[in-house]
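Subject: Structure for your review

Dear colleague,

Please find the structure below, followed by an account of what was found in it.

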Amino acid sequence: MSRSIAGDNPVSKLSLLAITWPIFVESALQMFLRTSDTFMLSKVSDGAVAAVGVANQIIMFAVLMFNFVALGSAVVISQYLGARRQHEIGRLAGSSLALNFLFGLVVSVIVMMLSGPLLRIFDLDPSLFGQAEKYLLIAGGALVIQALLTAVTAMIQSHGLTRQTMVVTIGMNVLNIFGNYLFIYGPGGFPKLGVVGVAISTAFAQCVGLAVNLVLLRKAAGVYIRWNDLFVWSREHIGKVLRVGVPSSAVSLSYSANQFVTTAFISSLGASVLATKIYTQNIMFFVMILAVSLGRGGQIIVGQLVGAGQREEAYKQVIRNLIRSELITLAAVAVLTLFRHPLMKLFTTDPDIIAMGAALLLLSFLLEPGRNFNVILERSLQAAGDARSAMIVSITVTWLFSVPLTYLLGIYWGYGLYGIWAAFIADEWLRGILLWVRWRSKAWQRKALVQLRSEEQAL
C-alpha cells in the first residue's frame, strides 16, 4: 500500500512552487556535498584539491548513469499515484531499487578495478596520481550507495514529499562537513587522513542519508517493499521504468558529451577565454538549478495528472507552469545581472575577463528563459510517457545543429565566446520550440504508462 498526496487530495491542487523550492535547495546542496570537500581541502593542499577534482569528474559521470532508473521509476510512480493504483507501487519500487543496486554494483566494481587507467587519461602529475587513486577507490566503491540513494530520493519526491528529502540532504551535508573537519584537521588526536578521510566522510554521509530515506519511503510515503519484491521483478513494471528512464538518461549523457566538446572548442581560444566561460557559468549556476528544479516539480504534477486520466488538465497545467517559471527565471536573471560586475570580481581581477563575463551575463536574458522553456517541456513530455520524442529532439538538435553552429560561430568565423554563447541561445530555443510543437500536438496523450481501472473511471 502507499499513502500519498494524490490519494487524499485532487492532484490539481499540487502547488508547483511548494514542490519546487525544496527540490531547488536539495539540488544545490547535492552539488555542495562534493564542493565542500574541495573547499576544505584547499586550506591544506592545492594538490589534494586537484586530485579530488579529477577523481570527481569520473564519479559525477557515473552518477549520471544511475538516473535512468531513478527518472523512470519517479515518472511511473507519479502516474500510478494519479491512477490510484497505490497497491502496485511497493512491487514497482522493489524492482527499481534492485535494478539500480545491481547496476550500481557493476559500475562500482568497474571504477575500482579501472581506477588507474581512468585517471591516466587526465595525465596527472605522479605526486597527485596516488592521492586521486586512493580517493577514487573509496568514492567508486560507494557508488552503489549513490545509486540506491538516487532512486529512493526520486521515489519519495514523486509522492510530493520534497521537503523531507531536502531535510535529509541538509543532514548529509552537516555530517560530511563534520567528518571532513575530523579527518583533515585531526582535532584531539583524531587521525589526519586527508584525501582518504574526505572520501570516507562523504561515503558515510551518503550511507546515513540512504538509511533515513528508506525509512521515509516506508513511513512518510507509505511504500511497503517486501523482500520478495526485490528478487521477483515484474516485466511490466521494469519495461515502463526503462521506457522513460533510458531515453531521459540518453538526453543527460548527450548534454554532458556536448559540454565536453564545447569546452574543448573554448580551450582552443586560450586560458582567459576558458576562465571567463567557467566563471560566468558558475554565477549562472543558480538559475540553471532553478530551471531543472522547476522542471522536476512540474514533472511530478504532470505525471499524477496523466495517471489520473486528466490529460486536458495536464496540458493546461504545463502552460501555466511555463508562464510562472519564465517569470521566476527572468527575475532571478535580473538580480544576478544587476550585480554582474561585483560577482565577476569575486573570481578575478583581470579587466578583460570581467568585461567579457559581464557581457555574457547580460545575454542570460535570452539564454536562461530558453533553457527554462526547453527543460519544462522536456520534463513534461517525460512525465506523460513520451520520453522518446524528447530524446529525439534533444540529441538531433544537439549534434546536427548546436555543435556545428558552436564551431562555426565561435571558431571558424572567429566570433569567439560571444559566438559560442549565441549558439547556446539558438540551441535552447530551437529545442524548446520543437518540444512545444510536440506538446501542442497532444500526441503525448496516447503515451500514458498506466490507465485508471474501469471502476475508478466510472466514479
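This is a predicted model: local features need pLDDT of at least 70, side-chain atom pairs count only at pLDDT 80 or more; totals for chains, interfaces and linings use all residues.

Leucine 434 counts as partly exposed, at 36% relative accessibility, where buried means under 20% relative accessible area, exposed means over 50% and partly exposed lies in between (1.4 Å probe, protein chains only). This leucine is found in helix H18; helices (H or I, at least four residues) are DSSP runs numbered from the N terminus. Apart from neighbours within four places in sequence, leucine 434 is in contact with Val393 and Val397, contact meaning heavy atoms within 4.5 Å.

Residues are numbered from 1 along each chain as its sequence is written, and side-chain values use heavy atoms, with hydrogens and water left out.

Helix H18 spans residues 416-441 and also holds tryptophan 421. Tryptophan 421 is buried, because its relative accessible area is 2%. Not counting residues up to four places away in sequence, tryptophan 421 touches Lys277, Thr280, Gln281, Leu360, Leu363 and Leu367. Leucine 253, 168 residues from tryptophan 421 along the chain, has its C-alpha atom 21 Å from that of the tryptophan.

Lysine 442 is found in the loop between H18 and helix H19 (454-457). Although it is not a glycine, lysine 442 has a positive phi of about 65°. Its relative accessible area is 27%, so lysine 442 is partly exposed. Arginine 84, in the loop between helix H3 (46-82) and H4, also has a positive phi, near 60°, and is a residue other than glycine. Arginine 84 counts as partly exposed because its relative accessibility is 41%. For context, most residues other than glycine have a negative phi.

The domain assignment, which comes from an automatic or database source, gives domain 1 (12-233) and domain 2 (244-446). The C-alpha centres of the two domains lie 24 Å apart. In the interface, 30 residues of domain 1 are in contact with 34 residues of domain 2. The area buried between the domains is about 2,600 Å², and carbon and sulfur atoms give 73% of it; buried area is the accessible area (1.4 Å probe) that two parts lose on being put together, summed over both. On the domain 1 side, Leu16, Phe24 and Leu71 supply 24% of the area buried against domain 2, more than any other three residues.

Leucine 136 is placed in helix H6 (residues 126-141). It is buried, because its relative accessibility is 0%. Beyond residues up to four places away in sequence, leucine 136 touches Ala55, Ile58, Ile59, Val111, Ser115, Leu119 and Gly141. Leucine 114 is 22 residues from leucine 136 in sequence and 9.8 Å away, C-alpha to C-alpha.

The second largest pocket holds about 410 Å³ of space. A pocket is an open set of points on a 1 Å grid over the protein atoms alone, where a 1.4 Å probe fits, with protein on both sides within 12 Å along at least five of seven lines; lining residues have an atom within 4 Å of a point. Grid points are joined across faces, edges and corners, and the volume is the space filled by probe spheres set on the points. Of the 16 lining residues, Leu97, Leu214, Ile225, Trp227 and Leu230 are the closest to the centre of this pocket. Helix H4 (89-113), helix H9 (194-219) and helix H10 (227-231) are the elements that give two or more residues to the lining. By class, this lining has 14 nonpolar, no polar and two charged residues, with Ala, Val, Leu, Ile, Met, Phe, Trp, Tyr, Cys and Pro counted as nonpolar, Asp, Glu, Lys and Arg as charged, and the others, Gly among them, as polar.

Alanine 221 is found in the loop between H9 and H10. With a relative accessible area of 0%, alanine 221 is buried. Methionine 155 is 66 residues from alanine 221 in sequence, and their C-alpha atoms are 8.7 Å apart.

Yours sincerely
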